[in-house]
Amino acid sequence: LGSERLERPESEFAEERAAAEARAKADALMMVQYKHLGDIDAAMEVQLDNLRYDYNLLDGTHESLEKSLFEQIEMAADRQRAGLQVADHQLEQIDALRGRMSANRVARQQLMERETRIRDEFDLKKDRYRELQQAQSQP
């Protein structure tokens, strides 16, 4: 009984070996792709520049929608001050503008989350790059 040992299925070893091989390939690719740590930062900035463009588009659209909303509200208020009822289509336009503004803010929030994921991904790459450099410099 004392000589019993826990055995692991061969499939676990195969999975571990495949994962280690995949990691080694990814590490080798990273070391070829990035000559310096600054190259990783530069690659991240390229991706973030694309996001900044998207931020600017969304922000410009939001400003335009906001301006349209205020104009529609102003027209509806003018009708009310004149003792007239606000037309249903005007109220629908106001609601539609609010909905588009809300969707715009959701899209912007998604961009912010994507930016965080990109930064996290590149932080992990930099950490791994440092580990690999350190391992290469040790005898």
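The structure is a predicted model, in which local features need pLDDT of at least 70 and side-chain atom pairs count only at pLDDT 80 or more, while totals for chains, interfaces and linings use all residues. Residues are numbered from 1 along each chain as its sequence is written, and side-chain values use heavy atoms, with hydrogens and water left out.

We can begin with the helices, taken as DSSP runs (H or I, at least four residues) numbered from the N terminus. Helix 3 covers residues 88–137, and its 50 residues reach 73 Å from first C-alpha to last, close to the 74 Å expected at 1.5 Å a residue. The expected span is 1.5 Å times one less than the number of residues in the helix. For helix 1, with 24 residues, the end C-alpha atoms are 34 Å apart, which agrees with the 34 Å that it should span.

Next come the buried positions, where buried means under 20% relative accessible area (1.4 Å probe, protein chains only). In helix 1 these are Asp 27, Met 30 and Met 31, and their cover includes helix 3. Helix 3 has its own buried residues, among them Gln 90, Asn 104, Phe 122, Lys 126 and Tyr 129; helix 1 (10–33) and helix 2 (37–81) are included in what covers the buried residues of helix 3. Asp 27 has a relative accessible area of 9%, so this residue counts as buried. Apart from residues up to four places away in sequence, Asp 27 touches Arg 128 and Leu 132, a contact being heavy atoms within 4.5 Å.

A nonpolar core is a set of buried Ala, Val, Leu, Ile, Met, Phe, Trp, Tyr and Cys residues joined through side-chain atoms within 4.5 Å. The largest such core has 14 residues, and those with the most contacts inside it are Tyr 34, Leu 51, Ile 118, Phe 122 and Tyr 129. Helices 1, 2 and 3 each supply at least two residues of this core, with helix 2 giving the most, six residues. A second, separate core of seven residues includes Leu 65, Ala 76, Val 86 and Ile 94.

Leaving aside neighbours within four places in sequence, Tyr 34 is in contact with Asp 39, Ile 40, Ala 43, Phe 122, Lys 125 and Tyr 129. Lys 125 in turn lies over the face of Phe 122, at 4.7 Å from the ring centre (the criterion is NZ of Lys or CZ of Arg within 6 Å of the ring centre and within 35 degrees of the ring normal).

Definitions and conventions:
Buried means under 20% relative accessible area, exposed over 50%, partly exposed in between (1.4 Å probe, protein chains only).
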